[in-house]
Amino acid sequence: MALRRHRLPRFWLALTLGLVACGVATAYWWEQQLPRRLEQAAKRGDLEACLRYSEQLESLRWLGGQAPGAQGSCRRRQAAQLWQQEQWTAALQQQLQLVNSQAGNDQDRQQLLLWQQNLQERALARFQEGDLNGSMALLAAMGEDRRTDGTSLGDKLREIWTRNRLQFERAKGLSAQRRWWEALEALNRIDHPWWRTQGRALQATVQQGIESLAGKDREHDAHGQLPHTVSSDQLDALVRQRLAKGMDEWSAFQDACRALGGKVVEAGPETACQR
């Protein structure tokens, strides 16, 4: 009995080693079959089977096998097909896998860059047209829609969009209060084409409001009720010029006043340009 117990560990060890050897031999045999199956799938255009065999061959490289050129060809064709179907995320992922594989080459890397650039251009075009969500969807395909540190292109576009939207809303509020100069200043700060188009009707209303102001009313509108000793018409004209160049209302008023040889005089909430 003692001798039998002594031989049992050897028996299990031999059995285990035999099973491992059998598994390795089976894997080696399958690896030898994969290149032929891979090439056959590539020839008949079965890209899914081709990619499946490619991944299996890739996982068996530790046995010494090498992926043939058919592997890269399958991934390349699959990526191109997905791109034509406008499956942007899947196409980029497939192309990236190709680039990171041994079958990837400089042309594959250049193709990946071109696709990413194309998506970025499409996203910017949609953004300029006012399609913020469509723009973000395209940027999401290459991971540029959002980052935790706020440095992605999508983060920057959202910031521009929000800034323009707030200026438009501010202009609407000021116009409703008949604060024409301030409303005009807010409209002049809008630099997005779509939001500029949205503000055209409001800008016409604001311009009419400014034109309707006369004499003292113009002076009261944004610059207080103190009397001006410089020409009101000249002051208004210079203020408009500066607002059109993007200056804020207060800076435009100060600069216009200095240009006419005056100085800004403040009395509480009221402001005037006097010599």
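**Tryptophans and the nonpolar core**

Me: Trp-195 first: buried or exposed?
Reply: Trp-195 is buried, with a relative accessible area of 9%. Please note that this is a predicted model.

Me: And what about Trp-194, how does that one count?
Reply: Trp-194 counts as partly exposed, because its relative accessibility is 28%, and the buried class ends under 20%.

Me: What kind of aromatic pair do Trp-194 and Trp-195 form?
Reply: Their pair is edge-to-face, with 4.9 Å centre to centre and 85° between the planes.

Me: Which residues do ring pairs link into a cluster there?
Reply: Trp-194 and Trp-195 belong to a cluster with Phe-127, Trp-161 and Phe-168.

Me: How many aromatic pairs are there in the whole structure?
Reply: The search finds 7 aromatic pairs. One of them joins Trp-83 and Trp-88 in an edge-to-face arrangement, at 4.7 Å centre to centre and 70° between the planes. Both Trp-83 and Trp-88 are buried.

Me: Turning to the largest nonpolar core, which residues touch the most other members?
Reply: Trp-83, Leu-92, Leu-119, Val-206, Leu-235 and Val-239 do, out of 46 residues in that core.

Me: What does Leu-119 touch, leaving out residues up to four places away in sequence?
Reply: Leu-119 touches Trp-83, Trp-88, Leu-92, Leu-138, Ala-141 and Met-142.

Me: What about the chain overall, how many helices and strands?
Reply: The chain has 13 helices and 2 strands. Of its 275 residues, 38% are buried. The accessible surface comes to about 16300 Å², and carbon and sulfur atoms account for 50% of that area.

Definitions and conventions:
Residues are numbered from 1 along each chain as its sequence is written. This is a predicted model: local features need pLDDT of at least 70, side-chain atom pairs count only at pLDDT 80 or more; totals for chains, interfaces and linings use all residues. Side-chain values use heavy atoms; hydrogens and water are left out. Rings of Phe, Tyr and Trp (its six-membered ring) pair if their centres lie within 6.5 Å; planes under 30 degrees apart count as stacked, over 60 as edge-to-face and the rest as tilted. Buried means under 20% relative accessible area, exposed over 50%, partly exposed in between (1.4 Å probe, protein chains only). A nonpolar core is a set of buried Ala, Val, Leu, Ile, Met, Phe, Trp, Tyr and Cys residues joined through side-chain atoms within 4.5 Å. Contact means heavy atoms within 4.5 Å. Helices (H or I, at least four residues) and strands (E, at least two) are DSSP runs, numbered from the N terminus. Accessible areas come from the Shrake-Rupley method with a 1.4 Å probe; for residues, only the protein chains shown count as cover.
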